[in-house]
Amino acid sequence: MLESLDLHLLDLVQNAREAGARRIAIRWTCDEASDEVALEVVDDGRGMDADTLAAVERGFYSTKGQRSVGLGIPLLRQTAEHCDGRFSISSRLGEGTTVRASFRRSHIDLPPFGDVAATFLSILVTSEDRWVSILYRCGGEVDLDTAELRETLGGASLQSPGVLRALQEFLVERVGREG
Amino acid sequence: MKLEDLRKIRERAAKEIALRQGDARVRLVVGMGTSGIAAGARDVLAALLDEIAKRDLSDVVVTQTGERGLASSEPVVEVHVKDDPAVVVYGDMTSEKARRVIADHVVQGNPVREFVIEVRR
């Protein structure tokens with residue numbers, strides 16, 4: 001269903017947005033020594049109580065409207081555990097949610113990374129007035145946040161054509177196209 | 001390292017006119033719930049952004065939303081044109097269809113009828 005890691009990440013970011021997050025911190029790191037890939041999304045959204053959290057982990061729970069079946073989290077857990085990794089989600093009502101998923105990088109069933117540059121671009125330029133940071137360290141490296149970006153760009157919209165072209169080029173250079 | 005990256009981006013971006021969301025002539029809204037993403041919404045969003053960059057469209061903004069209750073037609077893109085009360089909703093989008101919506105609807109002002117699933121007023 002979500003066939004690459006970047007789409008899982010995008011789904012986690014969307015969850016954070018729907019939880020009303022103002023700050024979203026993304027980490028995507030690879031550790032060669034331990035043969036591990038790890039994704040982490042930390043948000044300051046409304047969080048969940050223990051019962052809601054348990055329902056989310058079981059799946060088929062969603063606040064996103066009646067058509068959604070809330071399968072994003074259980075799918076990610078399943079993929080992580082299947083790929084000899086770990087999954088954790090912790091949340092506190094009124095404080096936010098942290099999701100972490102790791103995978104053994106050399107696992108034969110590890111999903112492809114996907115088009116990481118396109119995903120990062122989408123996340124950054126649709127952040128509106130949220131603060132979003134991205135730390136990516138998997139061969140290539142990206143270390144950016146939207147506040148720095150906006151400041152550097154002197155208030156130009158992140159979606160103005162020149163900024164889009166520059167960001168696109170920059171991200172492709174840093175993380176490559178399809179991975 | 002980090003500052004240098006930012007400077008690089010600024011250099012490439014050259015001088016861009018600041019555009020606030022409210023000023024945009026066209027607002028494109030992409031449904032990015034789990035099922036939208038699974039159906040290809042990220043590729044659609046990326047294609048829209050790519051066309052904006054390539055065609056130098058400084059009066060178009062792309063935003064995203066969660067599920068819109070149109071799961072069977074995802075990916076879904078809504079086109080909101082300033083001062084036009086009709087919102088055109090496109091369904092079963094692909095990156096190719098998204099590029100056509102930009103060329104025909106956003107640039108030329110002609111909605112692509114065969115991709116329209118709903119017009120909301």
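Student: What makes a residue of chain A count as buried, and what percentage do?

Tutor: A residue is buried if 20 or more other C-beta atoms, placed from the backbone, lie within 10 Å of its own; 12 or fewer make it exposed, and anything in between partly exposed. Of the 179 residues in chain A, 47% count as buried. Keep in mind that this is a predicted model, where local features need pLDDT of at least 70, side-chain atom pairs count only at pLDDT 80 or more, and totals for chains, interfaces and linings use all residues. Residues are numbered from 1 along each chain as its sequence is written, while chains are lettered from A and ligands numbered from 1 in the order in which they are written.

Student: Why is chain A called as compact as a globular protein of that length?

Tutor: The globule rule is 2.2 Å times the number of residues to the power 0.38, and the radius of gyration is taken over C-alpha atoms. For 179 residues the rule gives 16 Å, and the radius of gyration of chain A is 16 Å, so the chain is as compact as a globular protein of that length. Its C-alpha trace spans about 45 × 35 × 30 Å along the principal axes.

Student: How many helices and strands does chain A have?

Tutor: Chain A has six helices and six strands. Both are DSSP runs numbered from the N terminus: helices are H or I with at least four residues, strands E with at least two. From the N terminus, the order is α-β-β-α-α-β-β-α-β-β-α-α.

Student: Why is α4(A) called roughly perpendicular to α3(B)?

Tutor: Angles of 65 to 115 degrees count as roughly perpendicular, under 35 as roughly parallel, over 145 as roughly antiparallel and the rest as oblique. The axes of α4 (residues 116-125) of chain A and α3 (residues 41-55) of chain B cross at roughly 70° and come within 10 Å. Therefore α4(A) is roughly perpendicular to α3(B).

Student: Which residues meet there?

Tutor: From α4(A) come A:A118, A:T119, A:L121, A:S122 and A:V125, and from α3(B) come B:R42, B:L45, B:A46 and B:L49. Contact asks for C-beta atoms, placed from the backbone, within 7 Å.

Student: What makes β2 and β5 of chain B edge strands?

Tutor: Two strands pair if DSSP finds at least two bridges between them. The open sheet of chain B runs β2-β1-β3-β4-β5, with mixed pairing. Strands β2 (60-65) and β5 (116-120) of chain B each pair on one side only, and are the edge strands.

Student: How do β1 and β3 of chain B pair, parallel or antiparallel?

Tutor: Strands β1 (residues 26-31) and β3 (residues 77-81) of chain B pair in the antiparallel sense over five bridges.

Conventions. Axes are lines fitted to C-alpha atoms, for helices over the stretch in contact, and angles run from 0 to 180 degrees between N-to-C directions. Two residues are in contact if their C-beta atoms, placed from the backbone, lie within 7 Å.
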